[in-house]
Amino acid sequence: MTRFDTPKLATAVFLASEAVFFTFLIAAYIYYYGSVAKGPRASNSLDPPRTLIFTICLLASSGTVLLAERSLAARRIAAFRMWLALTIVLGAAFLCGQGWEYAGLLARNVTPARNLFGATFFTLTGFHGFHVLCGLIALSVMLILAFRRSFAQKEADGLGAIALYWHFVDAVWIVIFSLVYLTVWL
Amino acid sequence: MPEETSRRQPTPVRYFYRTFAAVHLNVLNPASPQASDLLWLWDVCWWVCIAILTVVTAALLYIPFRFRRRDNREPPQIAGNKRLEIAWTVVPILLVTFLFVSSVLTARAVDRPVRREPDIVVIGHQWWWEVRYPASGVVTANEIHLPLDSDTLIAVESADVIHDFWVPRLGRKIDAIPGRSNNVWIRATAAGEFDGACAEYCGAQHAWMRFRVVAQPPAEYRTWLDGQSAVAAEPQTAEAKLGQTRFGQLTCVNCHDVRGFHSQKQFAPDLTHVASRKMLAAERLQNTPANLRDWLRQPNVLKPGCLMPNLKLSDDDLNSVAAYLETLQ
Amino acid sequence: MSDLPLDPILIAGDRAVPTHEPWLEWIATVDHKRIGVMYLLTTLVFFVVGDCEALLMRYQLAWPGNTFLSPDAYNQVFTMHGTTMIFLVVVPLLLGLANYLTPLMIGARDMALPRLNAFSFWVFLFGGILLYCSFAAGHAPAAGWFSYAPLSEAGYSTRHGMDYWALALLGIGIGTIATAINLIVTIVNLRTDGMTIRRVPLFVWMVLVNSCLIIFALPALNAALVMLLVDRQLNAHFFTSLGGGSPVLWQHYFWSFGHPEVYIMVLPAFGIISEVIPVFSRKPIFGYGFVAASTVAIALLSVGVWAHHMFAVGLGHAWDYAFSASSLLIAVPTGVKVFNWIATMWGGAIRFTTSMLFAIAFLFTFTIGGLSGVQFATAPIDWQLTDTYYVVAHMHYVLFGGTLFAVMAGLYYWFPKITGRLLSEKRGKVHFWLMFIGFHLTFFVQHILGLDGMPRRVYTYPNLPGWARMNLISSIGAAVLALAVLVMVVNIALSLRSGALAGDNPWDAWTLEWATSSPPPEQNFESVPPVRSARPLWDLAHPEGGRA
Ligand code: HEA
Ligand code: HEA
Ligand code: CUA
Ligand SMILES: [Cu+2]
């Protein structure tokens with residue numbers, strides 16, 4: 001007898017553990033925040049407005065994936081493919097933004113080795129970026145399937161799980177963005 | 001090591017262990033108020049635990065025997081009893097509460113607040129202890145002298161990895177952590193020498209990062225301190241003089257400090273009065289002329305992994321340098 | 001079907017599959033029984049390896065000034081011993097058991113996510129092999145199983161052993177989390193009709209709680225490992241005091257995983273005991289509800305006690321008091337369990353099978369270990385005894401005398417279900433007594449060494465009065481233990497070939513795994529009996545309704 005949708009439940013449990021993982025990385029960022037006296041810091045190294053733009057991309061992609069699910073439920077395959085593709089584009093845009101940001105920082109010799117800001121910043125945002133990448137790969141697989149054959153219930157469940165994951169990655173970013181970037185304006 | 005009488009009568013448990021194990025049971029054989037307070041708590045806790053263990057063991061011996069299977073009839077199927085559950089929840093709660101209160105009392109008695117500069121600063125190095133007496137500027141290694149019956153505040157620090165300062169008969173452990181300074185109070189109430197050890201794993205020679213505490217009557221302690229604060233005596237014999245120059249040329253000075261002759265920062269034990277110390281290389285060797293030569297010949301063999309290199313001294317260098325070090329009373 | 005002669009390859013054999021090379025079937029399998037068996041066999045091998053490392057240590061420590069092992073070698077050995085036993089033996093062993101038994105006990109056909117299940121196992125195996133590759137690469141990790149920084153940092157552990165250690169543990173951690181997810185989903189979703197949460201076998205109950213604990217504890221380790229790797233590979237300063245980093249933060253992160261971990265290593269063992277004692281006492285578990293609830297209490301408390309491993313750090317009295325209190329409290333729910341197990345035996349009809357003997361021995365040794373734990377939990381005592389052999393004694397009493405004795409009980413209890421053949425009781429009794437005596441011989445004296453001030457993790461020690469004798473006794477005990485383990489391995493090997501046939505339900509037990517053939521068919525059940533209580537098979541045997 002089945003009580004919950006298995007892929008969704010499994011993903012939810014998985015995300016619980018992910019949440020703990022990020023909590024510890026975030027805690028480290030907060031713990032060391034004060035201890036960085038000189039050298040690069042969030043306030044003198046980051047570019048919040050620019051990052052805000054890419055943040056909006058990521059948040060938007062949460063909406064588009066939702067629409068993708070809706071249209072799949074309504075069996076509007078064309079719309080479904082379109083929303084799914086758009087989600088991937090937005091997610092990719094976010095990653096590119098992060099790559100751009102990293103390139104700039106490294107060019108100014110802001111590295112994990114430089115000081116604790118570098119260490120905590122790159123570890124935290126880097127692991128978030130890695131999660132976005134994994135999400136993109138999963139979504140791309142879905143897209144390929146979407147073009148190959150018409151979605152069966154099984155794939156639909158799979159998509160549901162991936163969407164859940166994708167929303168989680170977004171939520172985490174909202175926390176990171178507020179903590180690392182918005183505080184610059186305080 | 002002279003056998004001091006414990007400040008407390010040994011309880012049966014300590015008798016049992018002592019006779020059974022023929023050891024001093026340093027932890028249970030205190031020589032300071034701090035250690036006796038800890039011992040008091042140990043005894044309290046020990047009796048609680050023994051009581052519980054006795055109950056459990058008795059049950060485990062009696063029940064299986066009493067209720068061993070005799071025939072094929074199924075026994076009455078009893079599945080629980082609320083009253084019992086409450087009983088064996090509440091009683092343990094009371095017991096642990098009692099333990100908690102006693103531990104708070106002990107903790108407050110053992111490390112009291114710190115409102116002054118430390119009398120002694122002990123700095124852990126891989127794998128030896130640097131000992132500094134800020135008031136008198138004395139620096140020595142692996143041998144800590146204390147005045148009897150006076151509250152001594154020791155600051156514990158580290159130069160590299162985490163170590164841990166522990167003298168079982170004098171009191172609690174305290175970690176030596178790089179970038180931070182911990183304090184521990186010690187008041188030795190029995191004259192004598194007490195084994196100490198590094199208790200936090202710190203690498204290859206953690207085993208030979210031992211030391212000793214010498215508690216002596218104030219007068220004796222003063223003379224020791226005066227002796228140590230003097231700069232190194234100038235060598236008299238020709239060999240020792242030669243040894244001194246070789247000591248400079250052989251790069252010993254790059255790591256070792258001999259106050260008055262040469263000054264460096266402390267990478268290695270201060271040798272100003274090395275000859276006055278009982279042991280060498282953090283208790284690895286008795287400080288005898290033979291052992292000293294042996295150490296200089298092959299520190300890496302006597303203490304594998306230690307940070308003193310084997311400088312492949314020629315026999316002449318060996319003898320002259322050793323002769324010189326022996327003058328450093 | 002249970003009457004087939006047993007060739008281990010056929011264990012849990014899915015006779016449906018067309019038989020090309022059997023080993024291929026094993027590698028490709030997603031069947032929870034085969035995966036479970038692979039876990040058990042792998043951990044047995046790692047157990048023997050870790051054991052032999054222990055023998056090396058005990059031989060080195062047998063007398064003072066022994067030069068059998070160089071300090072560097074000794075440090076690698078004790079680090080690998082601890083890491084192996086915890087990450088490659090106890091945890092995967094319990095997960096393997098859970099893997100094999102959970103679906104059977106809840107009347108399911110398989111785990112909820114069979115492919116993920118296979119993935120978990122292979123990741124775990126990969127991690128284990130990676131860890132041991134460090135030897136091949138020239139230098140095993142040598143910073144202890146909790147690798148305190150800065151000793152574990154690039155500046156002090158220059159060889160690559162530490163990196164192998166960190167990467168291996170990351171892999172194992174991910175595999176463990178995946179298994180935990182799988183178990184949770186399985187237990188929530190696949191219970192057979194009528195098996196409400198209050199009718200679930202206690203073993204499954206504890207596995208469920210345990211999995212939740214894994215979900216919340218292991219990510220802490222992964223985060224810490226990641227930061228350590230960033231330090232070592234990218235020269236960051238998370239845990240080195242220079243550059244403002246904090247060695248103490250590593251300890252907080254590690255132990256906020258590490259303490260829950262020690263309960264992760266014992267809860268399923270509690271589950272085994274909760275199955276074995278009732279069956280061999282012919283009574284239902286005493287206070288099912290309390291045993292189950294106390295498990296939850298333990299899990300909740302266990303995430304709030306980590307700093308009891310850090311009493312000597314000098315965090316200040318506030319910390320020490322808080323964590324002393326929470327650690328002491330854990331004694332209460334654990335005690336509730338112990339007393340309920342004892343009460344289960346009361347008034348029963350006790351059969352002295354090897355399994356039951358190990359269960360009783362568990363109660364005794366675990367209580368001793370638990371009580372020494374309580375001594376540490378009263379912080380000031382810990383200030384004296386931390387990092388001495390008293391701790392070594394404690395952890396072996398709870399891990400070996402606790403968890404592994406319980407696993408031995410489980411081994412003799414479920415072996416017939418897994419293989420279709422009973423383990424020899426005669427050899428079993430020898431195994432039991434050798435192990436019981438050898439265990440206490442080895443580890444009891446370590447309490448005394450601790451009280452006399454012998455620090456742990458020393459490759460040798462000065463010849464202080466009594467130390468040589470105590471250590472020699474301990475080493476002799478280890479030899480006896482070696483004999484015990486040999487008898488066990490022999491017993492397993494011989495019984496696999498020529499053990500008495502078990503039949504479906506040799507112990508006439510009450511949970512669902514006994515309602516199918518031994519070994520169970522690939523689909524587990526021909527038909528799952530109705531579940532109207534925690535003891536479905538008892539209900540079948542007593543239709544008139546003897547109470548359960
Ligand atoms: C299976 C694993 C396991 C288990 C179950 C436990 C159980 C407990 N442990 Fe243990 N512990 C370890 C594994 C485990 N431990 C390991 C591996 C280490 C060493 C790590 C390292 O440094 O390498 C360690 C170290 C360790 C320390 C740190 C020691 C130090 O390094 O300084 C402490 C300190 O508080 C501690 C406490 C406890 C307590 C309070 C319990 C309690 O859960 C015990 C509860 C059980 C009982 C108390 C017995 C039954 C109860 C009754 C009969 C009821 C009546 C009892 C009372 C009222 C007291 N443990
Ligand atoms: C479940 C966990 C577990 C188990 C079972 C054991 C088992 C044993 N351990 Fe272990 N031990 C730990 C977990 C465990 N240990 C941990 C976590 C540490 C801390 C590490 C650290 O400090 O970082 C530790 C540390 C530790 C130390 C302290 C090292 C130090 O601090 O310097 C010692 C010293 O005596 C020791 C001894 C033993 C012994 C004698 C056994 C014996 O039980 C071993 C019994 C078995 C044998 C003696 C060999 C039997 C096998 C054979 C003979 C081969 C059979 C042949 C075939 C199958 C072909 N252990
Ligand atoms: Cu210094 Cu151990
Ligand atoms: Cu703990």
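Which side chains meet in a salt bridge with an N to O distance of 2.7 Å? In this predicted model, they are those of B:Asp71 and B:Arg73.

## Salt bridges in chain B

Over all chains, the whole structure contains 23 salt bridges. Side chains of opposite charge can pair when their charged atoms come close. In the pair of B:Asp71 and B:Arg73, the aspartate counts as partly exposed because its relative accessibility is 32%, whereas B:Arg73 is exposed at 62%.

A second pair joins B:Arg259 to B:Asp270, with 3.5 Å between the closest N and O atoms. B:Arg259 counts as buried, with a relative accessibility of 13%, and B:Asp270 is buried with a relative accessible area of 1%. Chain B also holds a network of salt bridges that links B:Glu193, B:Arg212, B:Lys278 and B:Glu283.

## A link between distant parts of chain C

In chain C, the side chains of C:Arg109 and C:Glu522 form a salt bridge with an N to O distance of 3.6 Å. This pair connects distant parts of the chain, 413 residues apart: C:Arg109 belongs to the loop between H3 and helix H4 (114-136), and C:Glu522 to the loop between H15 and helix H16 (536-541). C:Arg109 is partly exposed, with a relative accessible area of 40%; C:Glu522 also counts as partly exposed, at 22% relative accessibility.

Ligand 2 has 35 residues around it, of which C:Tyr74, C:His81, C:His396, C:Phe400 and C:Arg457 come nearest. By class, this shell consists of 25 nonpolar, six polar and four charged residues.

A polar side-chain atom of C:Arg456 lies 3.0 Å from an oxygen atom of ligand 2. Two or more residues of the shell come from each of helix H2 (32-61), helix H3 (71-105), helix H13 (389-419), H14 and H15 of chain C.

## A nonpolar surface patch

C:Trp433, C:Ile437, C:Leu441, C:Leu472 and C:Ile476 make up a nonpolar patch on the surface, and together they have about 460 Å² of accessible area. Helix H14 (425-451) and helix H15 (467-498) of chain C each give two or more residues to the patch, and H14(C) provides the largest share, three residues. One residue of helix H14 is C:Ile437, which counts as partly exposed because its relative accessibility is 48%.

Conventions: Residues numbered from 1 in each chain as written. Chains lettered and ligands numbered in written order. Predicted model: local features only at pLDDT ≥ 70, side-chain atom pairs only at ≥ 80, totals over all residues. Heavy atoms only, no water. Patch = residues over 30% accessible without salt bridge, like charges linked within 9 Å, V, L, I, M, F, W, Y side chains within 5 Å. Areas by Shrake-Rupley, 256 points an atom, 1.4 Å probe, with all protein chains shown as cover. Salt bridge = Lys/Arg side-chain N within 4 Å of Asp/Glu carboxyl O. Helix = DSSP H or I, 4+ residues; strand = E, 2+ residues; numbered from the N terminus. Buried < 20%, exposed > 50% of the residue type's maximum accessible area, 1.4 Å probe, protein only. Near = heavy atom within 4 Å. Polar contact = N/O pair within 3.5 Å; in protein donor to acceptor, adjacent residues only side chain to side chain. Nonpolar A, V, L, I, M, F, W, Y, C, P; charged D, E, K, R; others polar.
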